[in-house]
Amino acid sequence: MPQRKLLRAYVDTSLCVGSAMCVSSYPDSFRMGSDGHAFYVAETVDESSALDAAELCPVSAIQLIYEEED
Amino acid sequence: MLTVNDDLLDPEIIQNPSPYYKMLREQHPCYWNERWRGWVLTRYEDVYGALHNPKMLADRITPFFKTRLSDEERERFALTYQVLHSFVVFLDPPEHTHLRRIFSRAFMPRAVATMRGVVEGYVRDFFDQWEGRSSVDLNRDFAYPFPANVIASIIGAPREDVHRFHGWADALTTLLLAGVGEEQRMDRAQNALIEFKAYLRGLYDERVKNPRDDMMSWLMEVQRNDPTLTPDDVLHSCILLVNAGHETTQDLICNTLTTLLQTPDQLELLRQKPQHMKTAIEEGLRFNGPLKGTMRVAGEDMAIADKQVRGGDRILLLMGAANRDPAKFEDPERFDATRYPNLHLSFSHGIHFCLGAPLARMEMEIAFNELLRRFPRMELTSPIQWDPRILGRSIVPPINLRLD
């Protein structure tokens, strides 16, 4: 199976509870907003940190968008 | 203006807190309760803000021990302090951050999904025992033993020891959730902690040479590779897990099922359309969650809803009141099994958001699907009497159900 490329990561604010697991684990990629929700700030997507943060999130709020397969 | 009732354990408030919460939200959103000696927050916006505010400290154990106990008591209860103070729920950053990350890995949704088979097995076992009976006690015959069995399996304790967990967890919960009529609750809690820790030490020693596929072995492995953690941290963490995963889930089961049984149209809807189970469980959490409130200590002077809160003041965050704030929830006094979105605060919010939430949600979903499918005619046959507690919301057993 060909490796799909991760295009983008974002935090679904309707799910985010502000546990800050992503922010404390990967401060280069995630920041805490003033409304209590995290958001993704990395300019280039780092797949391993985005993937791990997505798994660590207690409410699975981190969404990963992959390139469509041909 | 009428004076506000400061007795948070007033039977009328305990049995039906809604009118009291409404009055506080509307007239005294940040209220100094002289009897409880602290501020009480009830609006969604304020409770949410406090849960996300890093200046609101979660360590209410240290101030309690420093200011409320005599020197003699402090010495006598040193072990209780030592254990409670290592609980991640009572820690603030930076200590909190490290421990929380370790636990998060153990309870991340993917890890919890691997426990599904174990949970399904227990649910089946318990409900098999219900078959052929005309009545059961929801609490004794399911809600009480079920979560304890699950958490014991996760940690790695043998099933035949589970009954011992109940007494220890109960002693600790009584201390932490401010029950009444317990003069000796510190003594009782400390004795439970001593026994509990000695028991867990036995499990720990067994695993030093022979690690198993359980959470205690996993925590031991993490601890060996992490110079900041001690074997005590592993033992105390297991005490916290048993405690946190025990009575809260028990209450969630009892509160949600009895609410549903008293709201027959919503129960019928769920029987017809079990696909709404997820939102129904969230609504159970919102409507009668196992915790009405949680506590914080102000880390500095601050203004909340036009009141001047001083650093060191205690603050009671009533999630139960926030969850019924009409500014956040439409028709908040109605139980709506399909409510969505439902951003209740029952698992707390912010950095102390309940670690066990994915596990609790899975336990509830499996149990309720099975329960509604296998016992479609069940009815509540005992009156609902809420237990007088400041933080917890729990029904006094028995909770009798007629099954046929």
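## The model

This is a predicted model, in which local features need pLDDT of at least 70, side-chain atom pairs count only at pLDDT 80 or more, and totals for chains, interfaces and linings use all residues. Residues are numbered from 1 along each chain as its sequence is written, while chains are lettered from A and ligands numbered from 1 in the order in which they are written.

## Where the chains meet

Chain A gives 13 residues to the contact, and chain B gives 16. Two residues are in contact if their C-beta atoms, placed from the backbone, lie within 7 Å.

On the side of chain A, α1 (21-25) and α2 (47-56) each give two or more residues. Helices are DSSP runs (H or I, at least four residues), numbered from the N terminus. α1(A) gives the most, with 3 residues. This side of chain A has 5 nonpolar, 7 polar and 1 charged residues. Nonpolar means Ala, Val, Leu, Ile, Met, Phe, Trp, Tyr, Cys or Pro; charged means Asp, Glu, Lys or Arg; the others, Gly among them, are polar.

## A helix pair in chain B

Helices α16(B) (residues 247-261) and α20(B) (residues 357-374) have axes that come within 11 Å and cross at roughly 40°. Axes are lines fitted to C-alpha atoms over the stretch in contact, and angles run from 0 to 180 degrees between N-to-C directions.

From α16(B), the contact uses Thr249(B), Leu252(B) and Ile253(B). From α20(B), it uses Ala360(B), Glu363(B), Met364(B) and Ala367(B). By class, 5 are nonpolar, 1 is polar and 1 is charged.
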